[in-house]
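Dear colleague,

I am handing over the structure below, and my notes on what was found in it follow directly after.

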Amino acid sequence: MSLELVVAVLATVVTAATPLLLAATGELVVERSGVLNLGVEGMMLVGAVAGFATALATGSASLALLAAALAGAGLAALFALLVLVLLADQVVSGLALTIFAVGLSSLAGAGLVGTPVERLPRLDLPGLTDLPLLGPLLFGQDALVYLAHLAIPAVAWFLGASRAGRVLRACGENAEAAHAMGCPVRRVRALAVLFGGSMAGLGGAFLSLSYTPFWIEEMTAGRGWIALALVVFAAWRPGRVLLGAYLFGGVAILQLHAQSLGLLPVPAQFLSMLPYLATILVLALVAGGWQTAAPAALGRPFLPPR
Amino acid sequence: MGFELEPRPLPSGLWRVLAPALAVALTALSGLVLFLLLGVEPSRALWSFFVAPLTSLWGASELLVKAAPLALIALGLAPGFRAGVWNIGAEGQLTIGAIVGGGVLLALWPSDAPWVLPAAILAGILGGAAWAWIPAVLRIRRGASEILVSLMLAYVAQLLLSALVYGPWRDPEGFNFPQTRLFQVGLPILAEGTRLHPGVLLAPLLALLAWLLLGRTLLGLALSVTGRAPAAATHAGFDRTRIVRGCLLLAGALAGLAGILEATGPIGQLVPTLTPGYGFTAIIVAFLGRLHPLGILPAALVVALAYLGGETAQIEAGLPQAVTGLFQGLLLFFLLASEVLVRYRIRPRRRSEAMVP
């Protein structure tokens, strides 16, 4: 196997990891603020169809990404209204979001199935793209791959070192105490939910505009749920999200190559199961031990005392 | 000037009943707006969605045929949802129920001995329960989220079904269509010219049984307390582990039952897509029925009407099938939103200075 081939395969792992990375990083911030949004899959789908439709209509990649982020955030705003204002159950509201978004995206995308779209442009960084190995791996990609990778250190810095990040974590650990210290708990959580929604929307747009540049109903195929599992796998730490996303990207690419090359004498469906089985395995292996790492107020509603 | 929520000392009994009705009304209203946006004449669309399906014997019987699996699955899910056990992979348990039960029928084919059908149904129930046992064990032993595990297993089950009907179980005389042989035995038809099968009667019977069990025994209390105050439940001596396992196994068994009833009833064989997402939609049915056995029955009828209406509206008003899913999501949204009226009083916000004497 030549070095070029290895690099090419690794580059596909990076692209397979990107939608997970975007969605999981967003959800990580949401969960650190104390809110559990199970609607990631739905927000990704709506982002995918909004980005795709906008790219078709305008031909502009930046407008498409803006539309995807706004669509994801719009759905997230609906979720925020339910759980932060009306104090609805977070688990059920997240499920509702996904059920609604599956229907909405299928309806909005009904006329778009089978239409080709221009792939997101590759952004070559002069000098860096020509680097051996790392060049083609990391620097010959499109804007969303860069954004996904920049978001990790940015979120790590935000949560670990910034004042606003400390406020957000306080809301996630003990909302009542944070409120008593004068933190606007609901506003902080609402902003976190909107951020998570736009990241999920961008993750979906990566699928419909770059990974497989077409639209098809329910094309996220469970990636939103895998992103939720990634946050648990990462023990709510940004750096580990990167590790987990590459792991799942690797599994996804492995099964694709195994299918196309006919490496294993099993039906294709069994290979397609691998990402889902890997998710279960990961949850079984790490979830229990790292439960203490979860934000203490995760999933609890907060009604400001009068 | 805004509004604020004031917790009620006790949930409002009136709103408990009114909230689901309000949610259904708001969903219908949103439907009107949606139809206007899609350029369909609202009255015609609403008619074909909600009334036309019921104007024939076939339509009315199909309503029951579609409501039955929804009610069965929702009845299984409701105790878990009360106790905070979130099985959202009922679609997978349904699929495995159909696969295991269908597998028994295919293995015994072409026997039509009287015990074959009961054996298949039993196998379907056990299959569904076994599939739900996986998230139960992983939750209890490993602390893994049953939400994510049960959902991932739904994807796995769907792929397994696909592998079987495209592969070893494909009908050898079926012109290469991805489906199994027609089963030699199936559920009897209750009324000529319909697809009504005995499973339709099973749902109300089980609902009655569940109501008697949950309302009259300590079990119902244990479930509610575990869901609302886990610490108090432990103090009261309710075993959390047993409740998690019991809820998941029950949900799996009923979803598996629904699956094998669909396979041996309306479908009569295994096909790549067994249901239009009954396992997921049953979550909405459970909540629309306020997690109450007797509430779930009318809720299943309402949601089944949305399925049926979606089909009619597709044919008569040219609406895309996806409208059904959109309506179901909207319905759950409005349910969650109107739930606030049960637990809180909404009143104009008072100025905080005024609170200080």
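Leaving aside residues up to four places away in sequence, Val285(B) touches Leu70(B), Ala71(B), Ala74(B), Ile296(B), Ala299(B), Ala300(B) and Val303(B), where a contact means C-beta atoms, placed from the backbone, within 7 Å. This is a predicted model, in which local features need pLDDT of at least 70 and side-chain atom pairs count only at pLDDT 80 or more, while totals for chains, interfaces and linings use all residues. Residues are numbered from 1 along each chain as its sequence is written, with chains lettered from A and ligands numbered from 1 in the order in which they are written.

Val285(B) is also listed, with Leu230(A), Ala71(B), Ile73(B) and Ala74(B), among the residues with the most contacts inside the largest nonpolar core, which has 234 residues. Such a core is a set of buried Ala, Val, Leu, Ile, Met, Phe, Trp, Tyr and Cys residues joined through C-beta atoms within 7 Å, buried meaning that 20 or more other C-beta atoms lie within 10 Å of the residue's own.

Turning to the contact between the chains, 37 residues come from chain B and 38 residues from chain A. On the side of chain B that touches chain A, H13(B) gives the most, with 13 residues, helices being DSSP runs of H or I of at least four residues, numbered from the N terminus. That side divides into 28 nonpolar, 7 polar and 2 charged residues, with Ala, Val, Leu, Ile, Met, Phe, Trp, Tyr, Cys and Pro counted as nonpolar, Asp, Glu, Lys and Arg as charged, and the others, Gly among them, as polar.

The contact of H2(A) with H4(A) comprises 12 nonpolar, 3 polar and 1 charged residues.

With best regards

Note on methods:
Contact = placed C-beta atoms within 7 Å. Helix = DSSP H or I, 4+ residues; strand = E, 2+ residues; numbered from the N terminus. Buried ≥ 20, exposed ≤ 12 C-beta atoms within 10 Å, placed from the backbone.
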